Amino acid sequence: MRFLFFVLTAMSSAVAFAAQIVSGTVSIEGKNMYLTTDDPCHRYLVLSNTEGALSALVKLSAGDVVTATGIKNPGECSVAIESVEYVGLRRMLGNWYSREAVINVQDFNSMKYYPAQSIVTNGNKVYASVSTNPVEYNYSLVPGSGKEWVLFLSDSKSTTFGTIQFNRGSAVMKIYNSDTGELTKTLLLYRMQQPGQN
């Protein structure tokens with residue numbers, strides 16, 4: 001009986017410390033990162049010892065949302081992140097414009113793409129106005145290499161992928177052919193200032 005109790009205790013401990021999905025909103029205090037969740041701990045200190053997870057975590061900012069695989073330590077309210085599965089970047093929200101389109105990123109899952117209407121004047125293509133009939137996309141972001149994030153876009157017809165890299169007040173979005181991997185479009189995006197913003 002004692003042996004059975006020992007085995008059951010060991011099994012429950014192993015389950016408690018097995019990797020599991022954890023989701024929450026990032027906050028940063030000094031050099032520490034925390035994840036606010038709906039769990040009883042409510043706020044977990046984020047730890048990591050894997051190179052892939054660390055390279056993704058250092059690119060996050062306060063207010064970003066992350067879904068990751070990690071091992072929770074409820075006694076200390078900490079979580080050791082093993083891999084970052086999905087992110088919602090606060091800096092991506094809002095309105096962006098380029099020569100070819102206006103993009104409205106509504107939340108961490110959906111965006112509207114308003115293509116620019118073009119006219120040809122003296123043999124040159126000139127973008128004159130923006131369509132009022134947007135393409136609606138669902139999107140998700142996962143960590144990429146360097147400063148890039150990998151972007152998956154799906155509309156009612158197809159799914160494609162790209163990358164996005166943020167600079168101060170601008171971003172570069174590259175879209176690729178899902179079948180061949182060929183670069184099909186590069187958008188240099190600028191953030192539209194909202195009333196009251198500097």
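**A note on this predicted model**

1. Let's start with one residue. Val-172 counts as partly exposed because its relative accessibility is 25%; buried means under 20% relative accessible area, exposed over 50%, and partly exposed in between (1.4 Å probe, protein chains only). Val-172 sits in strand E13, residues 170-176. Strands (E, at least two residues) and helices (H or I, at least four) are DSSP runs, numbered from the N terminus.

2. Before going on, a word on the source. This is a predicted model, where local features need pLDDT of at least 70, side-chain atom pairs count only at pLDDT 80 or more, and totals for chains, interfaces and linings use all residues. Residues are numbered from 1 along each chain as its sequence is written, and side-chain values use heavy atoms, with hydrogens and water left out.

3. Which residues does Val-172 touch? Leaving out residues up to four places away in sequence, they are Thr-163, Ile-164, Gln-165, Asn-167, Thr-186, Leu-187 and Leu-188; contact means heavy atoms within 4.5 Å. Leu-189 is 17 residues from Val-172 in sequence, and their C-alpha atoms are 6.0 Å apart.

4. Now the whole chain: look for two helices and 14 strands. Of its 198 residues, 32% are buried. Among contacts with a separation of 6 or more, 42% join residues 24 or more positions apart.

5. The largest nonpolar core has 38 residues, and Leu-60, Ile-81, Met-92, Ile-103 and Leu-141 touch the most other members. Strand E5 (residues 78-88) gives the most to this core, with four residues. Such a core is a set of buried Ala, Val, Leu, Ile, Met, Phe, Trp, Tyr and Cys residues joined through side-chain atoms within 4.5 Å. Beyond its neighbours within four places in sequence, Leu-60 has contacts that include Val-26, Ile-28, Val-87 and Trp-149.

6. What lines the largest cavity? Met-92, Trp-96, Ile-103, Val-105, Ile-164, Met-173 and Leu-189 do, and the cavity's volume is about 30 Å³. On a 1 Å grid over the protein atoms alone, a cavity is a set of points where a 1.4 Å probe fits but cannot get out, and lining residues have an atom within 4 Å of a point.

7. A pocket, by contrast, is an open set with protein on both sides within 12 Å along at least five of seven lines. The largest pocket has 13 lining residues, with Tyr-137, Leu-153, Thr-160, Ile-175 and Lys-185 nearest its centre. E14 (183-191) gives the most to this lining, with three residues.

Technical notes
Grid points are joined across faces, edges and corners, and a volume is the space filled by probe spheres set on the points.
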